[in-house]
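Have the coordinates open as you read.

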Amino acid sequence: MTQVTKDNDYTADSFDHVALRISVNSDIPMKTSTWTGEPPFQGSNGMYEQCGCKMIQIVPALFWNPKNGKNFEMQGELYCDEEGLLTNKTVNWRASQLRKWYLERSDKELVNSIDLHIGDYNIVGDACFVVKASDENIAMLASMDKN
């Protein structure tokens, strides 16, 4: 795993995936990292450790950012605690927003049938947003405000 910052000159040729670790504690900055191959589940930088859980659920998610007058969308996967809702973990509002954006753009009927205010889309605990590496994705995640 390699830490990505806006000061690095990484390109998509160097990595296969870019991941954004989103802590449930919004005071903790998000961290961007990269992997060659699929993101690992085991080990100190594996998804179990990153998400602080023993069972991972992978759901589609979308990062959306209007930048410089054009919309930038990055579709990826959100790695999150599959059992978190059963253990009363705290809602991760930043990760939940990525899930909400995906649902709003992909399935209007589903979004209209669920109550977004009671948290049918909520992600709880720490999560990781993972996308395929591209120069644009790396640059966007590395330059994001870390809050």
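Start at Glu104, which is partly exposed at 22% relative accessibility; buried here means under 20% relative accessible area, exposed means over 50%, and partly exposed is in between, using a 1.4 Å probe and protein chains only. Lys100 also counts as partly exposed, at 22%. The two side chains meet in a salt bridge, 3.9 Å from N to O, where the term needs a side-chain nitrogen of Lys or Arg within 4 Å of a carboxyl oxygen of Asp or Glu. Why are they separated by about one helical turn? Because Glu104 and Lys100 are four residues apart in helix α2.

A word on ground rules: this is a predicted model, so local features need pLDDT of at least 70 and side-chain atom pairs count only at pLDDT 80 or more, while totals for chains, interfaces and linings use all residues. Residues are numbered from 1 along each chain as its sequence is written, and side-chain values use heavy atoms, with hydrogens and water left out.

The salt bridge count comes to four. In another of them, Arg105 pairs with Glu73, the closest N and O atoms being 2.9 Å apart. Arg105 sits in helix α2 and Glu73 in strand β5, so this pair ties together parts 32 residues apart in sequence. (Helices are DSSP runs of H or I with at least four residues, strands are E runs of at least two, and both are numbered from the N terminus.) Asp126 and Arg21 form a salt bridge too, at 2.9 Å from N to O. That one links the loop between α3 and β6 to strand β2, across 105 residues. Asp126 is buried at 16%, whereas Arg21 is partly exposed at 22%.

Back to α2 itself. Asn92 caps its N-terminal end, with a side-chain oxygen 3.3 Å from the backbone nitrogen of Arg94. Several α2 residues are buried, including Leu98, Trp101 and Leu103.

That brings us to the largest nonpolar core, which has 27 residues. Such a core is a set of buried Ala, Val, Leu, Ile, Met, Phe, Trp, Tyr and Cys residues joined through side-chain atoms within 4.5 Å. Among the members touching the most others are Ile22, Phe63, Met74 and Leu98. The largest share, five residues, comes from α2. Met74 touches residues including Phe63, Phe129 and Leu141, leaving aside those up to four places away in sequence; contact means heavy atoms within 4.5 Å. Apart from this core lies another, of nine residues, among them Trp35 and Tyr79.

Definitions and conventions. Polar contact = N/O pair within 3.5 Å; in protein donor to acceptor, adjacent residues only side chain to side chain.
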